[in-house]
Number of protein chains: 2
Amino acid sequence: MAGIKDVAAEAGLSVATVSRVLNGHPSVSEDARRRVTAAVERLGYRPNAVARSLRTDQTRTLGLVISDVMNPYFTELARSVEEEARALGYSVIIGNADERPDLQDHHVTTLLDRRIDGLLVSPTDGGSPGMLGAARAGTPMVFVDRWIPGVDVPVVRSDGRAAVRDLVAHLHTLGRRRLAIIAGPAATTTGRERVDAFREALAAHGLELPDAYIGQGDFQAGSGRRVTEGFLDLPEPPEVVFAADNLMALGALDAIRARGLRVPDDIGLAAFDDIPWFVHTDPPVTAVAQPVRDLGRAAVRALVDRIEGRPGESVTLPARLVVRRSCGEDDAGIESPSPVRRSTP
Amino acid sequence: MAGIKDVAAEAGLSVATVSRVLNGHPSVSEDARRRVTAAVERLGYRPNAVARSLRTDQTRTLGLVISDVMNPYFTELARSVEEEARALGYSVIIGNADERPDLQDHHVTTLLDRRIDGLLVSPTDGGSPGMLGAARAGTPMVFVDRWIPGVDVPVVRSDGRAAVRDLVAHLHTLGRRRLAIIAGPAATTTGRERVDAFREALAAHGLELPDAYIGQGDFQAGSGRRVTEGFLDLPEPPEVVFAADNLMALGALDAIRARGLRVPDDIGLAAFDDIPWFVHTDPPVTAVAQPVRDLGRAAVRALVDRIEGRPGESVTLPARLVVRRSCGEDDAGIESPSPVRRSTP
DNA sequence: ATCGTCCGTGTAATCGATTCCACGAGGAGG
DNA sequence: CCTCCTCGTGGAATCGATTACACGGACGAT
């Protein structure tokens, strides 16, 4: 493969001049510029990013470590992150932690070894040692969605409080009183926050959140199923189950259907994180939607700010409630097209 | 950040020896090895992958360019690719082409600039110039899922012929005769092949595939909706719509529902590419399932074979039919020709 | 005419690793 | 005792770029 020396030879100039042309340095004659461009064209030369990175100590690459690629929420996040990064002239390397701290560490280490310019993390857990080390070592870093308290890193996330309040209000008008939640891992901020927001919203309506109505999940479909089964076995099962993420909602749907129960008639279902598929489930699922695209964009901008020496500030964007049919028909204007509802699994 | 020189100084040895220890070179004394390890530990030293890559001319990185990250099929593929690559000591950089040849080229170019060791591609289109150039230039490369005829690159894919035959047989026993297909872009191999397989299977039952029953889609949900609307507007609409990918099936479901029609009573629906969500739609969707994990694994192995100088052969794995309820209920007890039957897990 | 600037260019150092080659010590064989 | 190997080690070249510094020529000011 042709190197800069070949280009220099072909153009009859020194490598320095070639490099200057390549980088748009001002003091190059028009003639030299033309000759270099021609030579580059002729040789099909492409600068070696590895060599360039070694010299300049910057890779123009961002690392993104997420907890679960198969979760549509994170997929969309990854997509918007890549888009914004590309617009800013950066590439993105994605690491999938699969909710495993050791894998998260593996990716952080690998990314750091490659000398990425900055790191975007949605921490799996309380945070893995390698990740915390990186934060302390001063690697430009930004947390997205989830974060770790006490670590001095900007956080870009969405605040679901208002939306959860709206959700509970919605459920209340529908006459639902016994509301349960499938929580995420207590080690994650999102795991705790969503429960808190839910409990608060309940309190505003004079409702309680008994321990029996708090199920411990792990953001995976399987746990949603198990927890929901537990709920259904209760002497007084809840009237609505609120899943703290979309995968667990799916599991809940499974469990409910396996019992031969109908949503929303026998039991209601709501979820945190809206995804395209919720429109197509049976029934469509009411969900709290985060502004994922904006989150991705904001996160990249904050990180690039940090990288380029600017402050890089935390951002919190509001989530909103998307009402569908899984908690019961809304009263007024909405006429239910009410197609035949099949209940047998 | 500490470099190899610092380690050498700390250990009281030369950089050469440190490097040898780091790379497990045999001729190093036990004493030196210990001192280096200790120094590395003390300094928290991590080798600079950029420098190493420059010198050794290998990055131990694979590029994966897929057509659409938001498509669960590709997400799962990406995941299994990364897993296998990691097991073999490689990292993966994913590029999302979003079904756009220009973006595909952008990613191929970027990846090549970074001197990745090999490229895994699921070509968006007839192939972009940059990608074809890379193939001709001898970059180790393997096509996954889709490929480009006439280009000398191993192909790892799944053969849906048998499964499509099973599908048509299944529909036939259900009494469905007027079968339509939403095709993918003609420029993609998968776009064409699936139509061919469908037509062939139909022929085996003495059925025809009239032009009016072939809709042109682009593997996105929107096109599935449009095409399906067209089908429904026909004087004699099809009894079953077969979508050539999962996203278009979703669009079809939308269109059908918007008309107030019921699946499968009024019209049946089947899809190519099975995804977890198909279990939860209303009704669960019958689909042709590819062995995605195995495809990812095989693709990585073929690519690494090429990289390390071994042949690297093409692989074709069979897909299988997964019968659910979207084409009509099977009468209980009656054996259906379908090899696999799956209900809610 | 002389001097100082500015401009375009080239030479060479540098980034952080790997690796070829040379060298000295120590052991085996004659 | 001398020679020849082997082994462990270090010096220095190298990968492909960027960039500080030096240099020569043109040109404007005095």
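Which residue in S7(B) is the bridge partner of B:Ile181? Select B:Ile214 and you have found the partner.

Before moving on, some ground rules. This is a predicted model, where local features need pLDDT of at least 70 and side-chain atom pairs count only at pLDDT 80 or more, while totals for chains, interfaces and linings use all residues. Residues are numbered from 1 along each chain as its sequence is written, and chains are lettered from A and ligands numbered from 1 in the order in which they are written.

**Stop 1**

(Strands are DSSP runs of E with at least two residues, helices are runs of H or I with at least four, and both are numbered from the N terminus; two strands pair if DSSP finds at least two bridges between them.) Now bring up the whole open sheet, six strands ordered S7-S6-S8-S9-S10-S12 with mixed pairing. At its edges sit S7 (214-216) and S12 (320-322) of chain B, each pairing on one side only. Neighbouring strands here are turned by 20° against each other on average, direction ignored. (Axes are lines fitted to C-alpha atoms, for helices over the stretch in contact, and angles run from 0 to 180 degrees between N-to-C directions.)

Next, colour helix H8 (161-173) of chain B. H8 lies across S6, S8, S9, S10 and S12 of chain B, at about 35° to S12(B). Then pick helix H11 (246-258) of chain B, which packs on the sheet, touches S6, S8 and S9, and makes about 160° with the direction of S9(B).

**Stop 2: the parallel sheet of chain B**

Another open sheet of six strands has the order S2-S1-S3-S4-S5-S11 in chain B, and its pairing is parallel. S2 (91-96) and S11 (315-318) of chain B each have a single partner strand, so one side of each has no neighbour in the sheet. Zoom in on S1 (61-66) of chain B, which six bridges join to S2(B). There, B:Thr61 stands opposite B:Ser91.

**Stop 3: the DNA**

Select DNA strand C and what surrounds it: 27 residues, with A:Ser14, A:Ala16, B:Gly3, B:Ile4 and B:Ser19 the closest. (Near means that the C-beta atom, placed from the backbone, lies within 6 Å.) H2 (15-22), H3 (30-43) and H4 (49-56) of chain A each supply at least two residues of this surface, as do H2 (15-22) and H4 (49-56) of chain B.

Switch to DNA strand D. Of the 27 residues around it, A:Gly3, A:Ile4, A:Ala16, A:Ser19 and B:Ala32 come nearest. Two or more residues each come from H2 and H4 of chain A and from H2, H3 (30-43) and H4 of chain B.

**Stop 4: where the chains meet**

Show chains A and B together: 39 residues of chain A are in contact with 36 residues of chain B. (Contact means C-beta atoms, placed from the backbone, within 7 Å.) Elements giving two or more residues on the chain A side include H5 (72-87), S2 (91-96) and H6 (101-113) of chain A.

**Stop 5: zoom out on chain A**

Finally, hide everything but chain A. Its C-alpha trace spans about 85 × 45 × 30 Å along its principal axes.

Definitions and conventions:
Two residues are in contact if their C-beta atoms, placed from the backbone, lie within 7 Å.
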